[in-house]
Amino acid sequence: RALSQRDRHLAASLKTKHALIDRGLAWLKQPNNHIIAWHQEQYPQALRQIDSPPAFLFISGSLELLWHPQIAIVGSRQPSASGLEVAYHFAQNLAQKGFTITSGLARGIDTSAHFGALSHGKTIAALATGPDIAFPSKNQDLYEQIAELGTLITEHAPGIPALRSHFPARNRIIAGLSQGTVVIEAAIRSGALITARIAAELNKEVMAVPGSIHNPMAYGCHQLIREGAFLVEQPEEVAHIISCSTAGSTFQVKH
């Protein structure tokens, strides 16, 4: 008897699930790949404080790095040349000071920040895909460098592709892991602003680099500053703000 359309869909779904399980098991067998459940001791305490903490974390690279002092650097996927230079400089300088730079592996500011951190230190990339997928694909080389020298982290199992809804969820991991978030070029409607606002809700420091009034990619940063984010022009200011916050300073970000 011929299968009904519903039966065919069910069979296809089961086949896909079995393929993902096989892919996940193969990924886990590779060196330096880990799955950490929420109840385990290695689960980063900072992520327990975020909204809807992931039940499982899929991690490639160093687990210890997740516990290091982290600063998030995020921003536009279509930045100016100046924005790229600022992101690289801030990440490089802060990495030299011992901070781990956390971002989202997106093109633009994220990519520049990761490269700047790798030039003198460590970086963490929070992914909107499974841990075995580099997205965007043009960042494959960067993805591999971070897997070797830093840490890749995601709540999605191997084989899960990038979906629109994954990116705002990914941003809560970036904000949650980091002691503070620096925004470098972001439009008014930008995922970077989502990261910054999640950080503020978690009572973490939010900082923004101002830009030209003629650059729409600076408007989001200016909006954050109007809302109470710290205006920063040099990486040393970021390090100072984070140090004061850690020491129990009265620095507060307005909501």
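**The sheet and what surrounds it**

Tutor: Begin with the open sheet of nine strands, which has mixed pairing and the order S1-S2-S6-S5-S4-S3-S7-S8-S9. Its edge strands are S1 (33-37) and S9 (230-231), and each of these pairs on one side only. Keep in mind that this is a predicted model.

Student: How many helices and strands does the protein have?

Tutor: Eight helices and nine strands.

Student: Take S2 and S6. Parallel or antiparallel?

Tutor: S2 (residues 56-61) and S6 run antiparallel, joined by four bridges. Isoleucine 59 has isoleucine 153 in S6 as its bridge partner, and phenylalanine 58 stands opposite threonine 154 in S6.

Student: And S5 with S6, parallel or antiparallel?

Tutor: Strand S5 (residues 123-126) pairs with S6 in the parallel sense, over three bridges. There, isoleucine 124 has threonine 151 in S6 as its bridge partner.

Student: Which helix makes a unit with S5 and S6?

Tutor: Helix H4 (residues 140-149) does; S5, H4 and S6 make a right-handed β-α-β unit.

Student: Are the faces of S6 covered or open?

Tutor: Both faces of S6 (residues 151-154) are covered. Thr151 and Ile153 are buried on one side, and Leu152 and Thr154 are buried on the other. As a general point, side chains in a regular strand alternate between the two faces of the sheet.

Student: Let's move to S3. How many of its residues are buried?

Tutor: Six of the six residues in S3 are buried. One side carries Gln70, Ala72 and Val74, while the other carries Ile71, Ile73 and Gly75.

Student: How does S3 connect to S4?

Tutor: From S3 the chain crosses through H2 to S4, in a right-handed β-α-β crossover. S3 and S4 (residues 100-103) run parallel, with three bridges joining them. Glutamine 70 stands opposite threonine 100 in S4.

Student: How many bridges are there between S3 and S7?

Tutor: Five, and the pairing is in the parallel sense. Glycine 180 in S7 is the bridge partner of isoleucine 71.

Student: You mentioned H2. What about alanine 87?

Tutor: Alanine 87 lies in that helix, which covers residues 81-96. Its relative accessibility is 0%, so alanine 87 counts as buried.

Student: What does alanine 87 touch, not counting residues up to four places away in sequence?

Tutor: Ile73, Ile109, Ser112, Ala113 and Ile184. Isoleucine 184 is 97 residues from alanine 87 along the chain, yet their C-alpha atoms are separated by 6.7 Å.

Student: What about contacts in the protein as a whole?

Tutor: Among contacts with a separation of 6 or more, 71% are between residues 24 or more positions apart.

Student: Changing topic: which residues have the most contacts inside the largest nonpolar core?

Tutor: Leu47, Ile153, Leu177, Val183 and Leu224, in a core of 30 residues. Elements that give two or more residues to this core include S2, S5, helix H5 (166-177) and helix H7 (219-226). H6 gives the most, with six residues.

Student: What is leucine 224 in contact with, leaving aside its neighbours within four places?

Tutor: Val183, Leu193, Ala196, Ala208 and Ala229. Apart from this core lies another, of 22 residues, including Ala95, Phe99, Ala239 and Ile242.

Student: Back to H6. Which strands does H6 lie across?

Tutor: H6 lies across S3, S7 (180-184) and S8, and runs at about 155 degrees to S7. Helix H8 (residues 235-246) lies across S3, S7, S8 and S9, running at about 170 degrees to S8.

Terms used
Residues numbered from 1 in each chain as written. Predicted model: local features only at pLDDT ≥ 70, side-chain atom pairs only at ≥ 80, totals over all residues. Heavy atoms only, no water. Buried < 20%, exposed > 50% of the residue type's maximum accessible area, 1.4 Å probe, protein only. Contact = heavy atoms within 4.5 Å. Pairing = 2+ DSSP bridges. Right-handed = clockwise from strand over helix to strand, strands pointing away. Core = buried A, V, L, I, M, F, W, Y, C linked by side-chain atoms within 4.5 Å. Axes fitted to C-alpha atoms, helices over the stretch in contact; angles between N-to-C directions.
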